[in-house]
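Here is a short report on a two-chain model. Look over the structure first, then read on.

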Amino acid sequence: MTALLSVAALTAGYRPDLPIINGISLTISAGELVTIIGPNGAGKSTLIKAIAGLLPITDGTVTLGHQSLVGLSPHLMSGFGMAYVPQSDNIFATLTVDENLRLGALPLPRSQARAQISAAYDRFPDLVRFRKAKAGNLSGGQRQMLAVARALLTGPQLIMLDEPSAGLAPKMVEEVFGHLVTLVRGGVAVLMVEQNAKAAMRISDRTYVLAEGRNRLDGPSDRLLEDPEVARIYLGQAGGKH
Amino acid sequence: MLQALADGLLTGAIYALGAIGLTLTMGILRFANFAHAEMMTWGAYMALGVLTAFGLPTAPLGPLTFGWPLLLATVVACALTVALALLIDWLVFRRMRDRVGHLTLVFASFGIALLIRNVVHLIFGGRATYYTTELQIAVRVLPDLRIMPDQVFTLSLAVVLVIAVHQFLQRTPLGLSMRAVSENPSLAVINGVSLARVVRWTWIVGGALAAVAGVLYGVAVQLRPELGFHLLLPLFAAVILGGVGNVVGAVVGGVLIGLIESFSVLVIPAGYKLAIPFLVLLVVLYLKPTGLFGGTSGGR
């Protein structure tokens, strides 16, 4: 399968002279769900922030399709088919649910934006009754739904999520993950960073294990779930969630 | 009592126009721009400069003390103030934005404020002046209330502009982007919002409103190079009272500061009136630092 996103030997951090990730490589294809796991401080969030253009890249390449993303302003990423949902503060609390969606659809022509917003409400019907409510009043699960709904408005080929299950009740985690699986079945590539490692690996095709800013292991998730090395690197060290 | 109410509303309306620009800058650009009040001075004097340079007639419009030329000069002053704001951003703030802390930007704005005030002083001199020498008689509206036609015009224009800005922020895609950046710039950016465009429009809206507020202050009171310096405290008090980054808050804050100032002279000597915004500022910061309407993230 041809890779949709290719990251090769990526070095990045909050400051160019202080890299947090060193030479990380990964690929993801269309219709694939890939999880990135690793102990705290492994550089998981830094990696997807760097891919999204939010952090300076000092070395390596990031290619989406045939387009190099290195040095591109993050506000142009959605135009190239990439969406990113941060871990926290991923909705505009002072805007209404409708305004949050309108904002996500701003890069689209007006008629297409209306159709996409309507499709978002069809996909996440729970949001319909809150459309005029301030998004800050939504529950954790509803916020996550809104964040995903907004990220999907521009019809991305790739959606990256930073810990989509953080702070959610188990039932809600199941619901959010269910939506991600549906997206993947529709041909979207989903790349997510998760602390909730086992739950995420159970629904993903492949997993990358990072530690200390470097690739440590990768492979099919079902195989890595049984690999004692993963437990040693991640679950053991981090005492993480199962 | 009624007279104090009318006077307070008039002053408050001018404060509100200045405070909108200041609150937008503080909310979106995330620093307290001490040069904002000086942009009011710049705008007021640019209108005077246009009137003088082109020798425009000052024939009054109906019962007002000024005519179409001042309105035309105000439009030119808005453009010149926006140009100044964009130039300052390009020369100073843009280069510092992502590299230095907020306090450095604040101190830079102090320097720019001094520069603008002294440039105005250099060009126009330090003496108080007026747009027109026309005299105006206050009209007795009620037994205890006299209002001048200029005041009615000022208040009406302020109301129209406040409504226009509010509609712009609530109903247009650009307004939505500005509100989003005010709350969470990095989230706005990953949603496809161009930060550079929002910053540019913040200066455009803020600069134009500062110019109008400056001209209206010049019409209502007089023109002095220290005009902006004297408005600095009431403007900051209005913004903080309403909640930094909150446009409705800035309007309500501005009107309230104007009213409190106006009513204060009923109980304290008029000379202490200027200290009132400072007192309000202290009380708000002590009791409710986020302001009456709550600020955006940029303000916190």
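## Chain A as a whole

Chain A has 242 residues, and a compact globule of that length would have a radius of gyration near 18 Å. The value for chain A is 17 Å, so the two agree. Bear in mind that this is a predicted model.

Taken along the principal axes, the C-alpha atoms of chain A fill a box of roughly 50 × 40 × 35 Å. Its secondary structure comes to 8 helices and 10 strands. Of the 242 residues in chain A, 46% are buried.

## Helix α9 of chain B

Helix α9 of chain B covers residues 227-242. How far apart should its ends be? At 1.5 Å a residue, its 16 residues should span 22 Å. The end C-alpha atoms are 23 Å apart, which agrees with that expectation.

The helix does carry a kink. The bend is about 30° and lies at B:L233, shortly before the proline B:P234. After α9(B) comes B:G243, which has a positive phi near 110°.

Is α9(B) largely enclosed or largely open? A residue counts as buried when 20 or more other C-beta atoms lie within 10 Å of its own C-beta. In α9(B), 13 of the 16 residues are buried, so the rest of the structure largely encloses this helix.

## Where chain B touches chain A

The contact between the chains takes 17 residues from chain B and 21 residues from chain A. On the chain B side, the elements that give two or more residues are α6 (173-183) and α7 (185-190). Helix α6(B) supplies the largest share of that side, with 6 residues.

## A tryptophan in helix α3 of chain B

B:W68 sits in helix α3 of chain B, which runs over residues 68-96.

Conventions:
Residues numbered from 1 in each chain as written. Chains lettered and ligands numbered in written order. Predicted model: local features only at pLDDT ≥ 70, side-chain atom pairs only at ≥ 80, totals over all residues. Helix = DSSP H or I, 4+ residues; strand = E, 2+ residues; numbered from the N terminus. Rg over C-alpha atoms; globule rule 2.2 N^0.38 Å. Buried ≥ 20, exposed ≤ 12 C-beta atoms within 10 Å, placed from the backbone. Expected span 1.5 Å × (residues − 1). Bend = angle between axes of the 7 residues up to and from the residue. Contact = placed C-beta atoms within 7 Å.
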